Amino acid sequence: MHHTPEGARDAAGAALVRRLVVTHVGRFLTPQRAVARASARFDGPVDALPGAIFSIG
């Protein structure tokens, strides 16, 4: 599912995560701007790593 930076921030906050990593940034938004928008009202660190793949488990 794709979110706006604000939607990702809200989902991260609801899930009580400690870190938010934005891995998909639309062509009209820079990674830095995505981080700025997602960081608003999120207490943990926010990074933008477009295209990054993470293994969880």
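Which residue just after α2 takes a positive phi? Select arginine 41, which has a phi of about 65° and sits just after α2; helices here are DSSP runs of H or I with at least four residues, strands are runs of E with at least two, and both are numbered from the N terminus.

Before going on, note that this is a predicted model, in which local features need pLDDT of at least 70 and side-chain atom pairs count only at pLDDT 80 or more, while totals for chains, interfaces and linings use all residues. Residues are numbered from 1 along each chain as its sequence is written, and side-chain values use heavy atoms, with hydrogens and water left out.

Next, select the largest nonpolar core, whose 12 residues are Ala8, Ala12, Leu20, Val22, Val25, Leu29, Ala34, Val35, Ala38, Phe42, Val46 and Ala48; such a core is a set of buried Ala, Val, Leu, Ile, Met, Phe, Trp, Tyr and Cys residues joined through side-chain atoms within 4.5 Å, where buried means under 20% relative accessible area, exposed over 50% and partly exposed in between, with a 1.4 Å probe and protein chains only. At least two residues of this core come from each of α1 (5-14), β1 (20-22), α2 (31-39) and β2, and the largest share, 3 residues, is that of α2.

Stay with α2 and pick out Ala34, Val35 and Ala38, which are buried.

Move to arginine 9 in helix α1, which is buried, with a relative accessible area of 7%. Beyond residues up to four places away in sequence, arginine 9 touches Leu20, Arg37, Ala38, Ala40, Arg41 and Phe42.

In the loop between β1 and α2, select leucine 29, which counts as buried at 19% relative accessibility. Its contacts, leaving aside neighbours within four places in sequence, are Pro5, Ala34 and Arg37; the C-alpha atoms of leucine 29 and proline 5 are separated by 9.8 Å, although the two residues are 24 residues apart along the chain.

Finish with phenylalanine 54, in the segment after β2 (46-48), which is partly exposed, with a relative accessible area of 45%.

Notes: Contact means heavy atoms within 4.5 Å.
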